[in-house]
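Hi there,

Here is the structure I promised to pass on to you. Have a look at it first, and then read on for my notes on what turned up.

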Amino acid sequence: MANVGNQQQAQAVSKPAPGKHGNVLPLWGNEKTMNLNPMILTNVLSSPYFKVQLYELKTYHEVVDEIYFKVTHVEPWEKGSRKTAGQTGMCGGVRGVGTGGIVSTAFCLLYKLFTLKLTRKQVMGLITHTDSPYIRALGFMYIRYTQPPPDLVEWYDGFLDDEEELDVKAGGGCVMTIGEMLRSFLTKLEWFSTLFPRIPVPVQKMIDQQMKARPRKVPQKETQEEEEAMSTEAGRPGERHRSRSPRRTPSPRRSPKRSRSRSHHRERDRHGPSFDRELERERDRQRKEREGRQGDRDRDRDRERGDRVDRERRRSRSADRNQDRRERRRSRSGSRERRSERRDKDKERDAGENDKSRRKDRDHHKDRGSDRERSKDKKSRGETDERRHKDDRERHREERKAKRSSRSRSREKRHKSGRTEGGEEKSRKRERSHSREKDRDREGEQRSHKRSRSKEKGHRQRESSNDHGKHGERRKSQSIEKMSP
């Protein structure tokens, strides 16, 4: 068997890779979700195993080693983590839409392989791995999720008769070969509690035809078991003949009572009195059995009667208890109604008080609002008056400016007209003004001469008066002197 598996693996490796040539493996479908079920994908992305432990794995070989040590089944959910009892339709376990659970390590590692963007050579290394069948199973599942449907048969062609066994169910109990698993991948859409990507109808018809044209080979174990069973049956030909011989049914013409009585008399004649004793013993034994059965029946009847009595007592007790419960509920409901009435009254009172307080607040707010509106009106009026005064001032200023500008313009016009029309008159006026100024200058000079002359005359007169005073004093002094001797 191992040799057959190795030969098949060698054929698969030597076979040219399907699809496009080259080592780059193109992806089919959604390049972000790997065409996984949304429920499974969300559980994978939120699982601590994927976020913490698998985040540290960066290479292809590390992930393969992790598959070898951790994967024990190929089911999407762990055992007992997902309750699908009583769910049907779109919420059933097959659809994978209902309640979630703990996602399996196999699907976490499958999505981890998808994040690594495997090459064609790496995928071939997965599906031809010799250490663990679960590594190969994840490789085939990676192909089923990421490769185009027309290429699936070419990928799986060399492994449809592979006899390597693995247990695909969580917790064990579903052993199948690699070939059987691949045939289910190609012909069935469901895989435990999830769905594979849908295959187009024409491609699915072609795949079904190819599977029918290529029937499954019977493994060597089954052939050996069948040969052993045939040999054991050949060793017991008599038993086989007896088992296969049909049983004869008694004819309806003969009555069973007659046959029994005749056989009884014949046996009595053969065996004698000993046979009668045995018959009596047998009869006694049968009577005892009947009596015992009757006693058992009586006991069963007594038990049934006791059970009935107990049931009636229980019913009466349950009825009494129910009545007590009803009365208690009524009393509780009455007390609850009273409490609810009190609460309603209190709520009404509180509501009335709240309404009064709200009304007061509203009135107060209205008064405040009226005062505010009045103050706003006053302010707006003052602002409007100020605006009017400002507008009036601006208007007066503009009018003054306009008048000044008009005056200046008239002056300029006059000045211009005077220059043009009365240039001669202005020249004459200038000459007259110059002559007048000359006359004024002359008169001023004459006046200044006259003033200077008058000043000189006054000065002379003063000097002369001073001289006359001095002569008089001298004369007086001389006369005094003369008079003194």
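This is a predicted model: local features need pLDDT of at least 70, side-chain atom pairs count only at pLDDT 80 or more; totals for chains, interfaces and linings use all residues.

Of its 485 residues, 23% are buried. Among contacts between residues at least 6 apart in sequence, 71% join residues at least 24 apart.

As background, most residues other than glycine have a negative phi. Phenylalanine 192 sits in the loop between β3 (190-191) and β4 (194-195), and its phi is positive, near 55°. Methionine 34 is not a glycine either, yet has a positive phi of about 60°; this residue belongs to the loop between α1 (2-14) and α2 (38-46).

Are these two buried or exposed? Methionine 34 has a relative accessibility of 1%, so it counts as buried, the cut-off being under 20%. Phenylalanine 192, at 29%, counts as partly exposed.

Next, have a look at helix α10, residues 201-213. Which residues of α10 are buried? They are Val203, Gln204, Ile207 and Met211. Seen down the axis of α10, these buried residues fall within an arc of 100°, and therefore line one face of the helix. The buried residues of α10 pack against α8 (152-156) and α9 (178-187). On the other side of α10, the exposed residues are Val201, Pro202, Lys205, Met206, Gln209, Lys212 and Ala213.

Finally, there is a helix pair to look at. Helix α6 (residues 120-127) packs with helix α7 (residues 133-146) at an angle of about 135°, their axes lying 7 Å apart. That angle makes α6 oblique to α7. On the α6 side, the contact is made by Val123, Leu126 and Ile127, while α7 brings Ile135, Arg136, Gly139, Phe140, Tyr142 and Ile143. By type, the residues of this contact are 7 nonpolar, 1 polar and 1 charged.

Enjoy exploring!

Best wishes

How values were computed. Residues are numbered from 1 along each chain as its sequence is written. Side-chain values use heavy atoms; hydrogens and water are left out. Buried means under 20% relative accessible area, exposed over 50%, partly exposed in between (1.4 Å probe, protein chains only). Helices (H or I, at least four residues) and strands (E, at least two) are DSSP runs, numbered from the N terminus. The arc is that of the directions from the helix axis to the C-beta atoms. Contact means heavy atoms within 4.5 Å. Axes are lines fitted to C-alpha atoms, for helices over the stretch in contact, and angles run from 0 to 180 degrees between N-to-C directions. Angles under 35 degrees count as roughly parallel, over 145 as roughly antiparallel, 65 to 115 as roughly perpendicular and the rest as oblique. Ala, Val, Leu, Ile, Met, Phe, Trp, Tyr, Cys and Pro count as nonpolar, Asp, Glu, Lys and Arg as charged, and the others, Gly among them, as polar.
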